[in-house]
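Me: Hey, can you help me read this one? I'm new to this and just want to ask as I go.
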Amino acid sequence: MTALEPDMFAPQCPARQVPFQVGDKWTSMIVLCLEHGPRRFSELLVPLRSITRKVLTETLRAMERDGMVTRTEFPANPPHVEYALTPLGRSLLTLIDAARDWCREHLPELIEARSAARPAADRQR
């Protein structure tokens, strides 16, 4: 086995700049909600029913900051806002699809491992 490099997570490493929200639970769900076109904030709340308005707002702002979504204001009466994926945000669909494929393939193994671990965890309590 080779030794781990002491500088593999050095502060100057470009990989450290990758936004954490790429792997965040809500980011991937928002990307999937926006896959087929722009959506209003209230539309996103429907399938994401367990997200709070605050967390949705924070996640959308972070995604906008990182160039994954655009926010367009419409000066209608009442005014409304739509969010859409940018090409960068759309590129996450490939990663999400790969993760979903992996989960479909390995879900039985994951369930089995969790079931096997559960009695051991119960014994430790």
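Me: Okay, how many disulfides does the count come to?
Reply: The count comes to zero disulfides. Keep in mind that this is a predicted model.
Me: Remind me, what is a disulfide?
Reply: It's a covalent bond joining the sulfur atoms of two cysteines.
Me: And cysteine 33, is that buried or exposed?
Reply: Cysteine 33 has a relative accessible area of 18%, and the cut-off for buried is under 20%, so cysteine 33 is buried.
Me: What about cysteine 103, how does that one count?
Reply: Cysteine 103 is at 37% relative accessibility, so it counts as partly exposed.
Me: New topic: which residues touch the most other members in the largest nonpolar core?
Reply: Leu44, Leu48, Leu56 and Tyr83 do, and that core has 20 residues.
Me: Which elements give two or more residues to this core?
Reply: Helices H1 (25-34), H2 (41-45), H3 (53-65) and H5 (92-124), plus strand S3 (80-85). H1 gives the most, with five residues.
Me: What is tyrosine 83 in contact with, leaving aside its neighbours within four places in sequence?
Reply: With those neighbours set aside, tyrosine 83 contacts Leu34, Pro38, Arg39, Phe41, Leu44, Leu60, Val69, Thr70 and Arg71.
Me: Now threonine 59, where does that lie?
Reply: Threonine 59 is in helix H3.
Me: Why does threonine 59 count as buried?
Reply: Because its relative accessible area is 9%, and buried means under 20%.
Me: And which residues is threonine 59 in contact with, again skipping neighbours within four places in sequence?
Reply: Asp24, Trp26, Thr27 and Ile30.

Definitions and conventions. Residues numbered from 1 in each chain as written. Predicted model: local features only at pLDDT ≥ 70, side-chain atom pairs only at ≥ 80, totals over all residues. Heavy atoms only, no water. Core = buried A, V, L, I, M, F, W, Y, C linked by side-chain atoms within 4.5 Å. Buried < 20%, exposed > 50% of the residue type's maximum accessible area, 1.4 Å probe, protein only. Helix = DSSP H or I, 4+ residues; strand = E, 2+ residues; numbered from the N terminus. Contact = heavy atoms within 4.5 Å. Disulfide = S-S within 2.5 Å.
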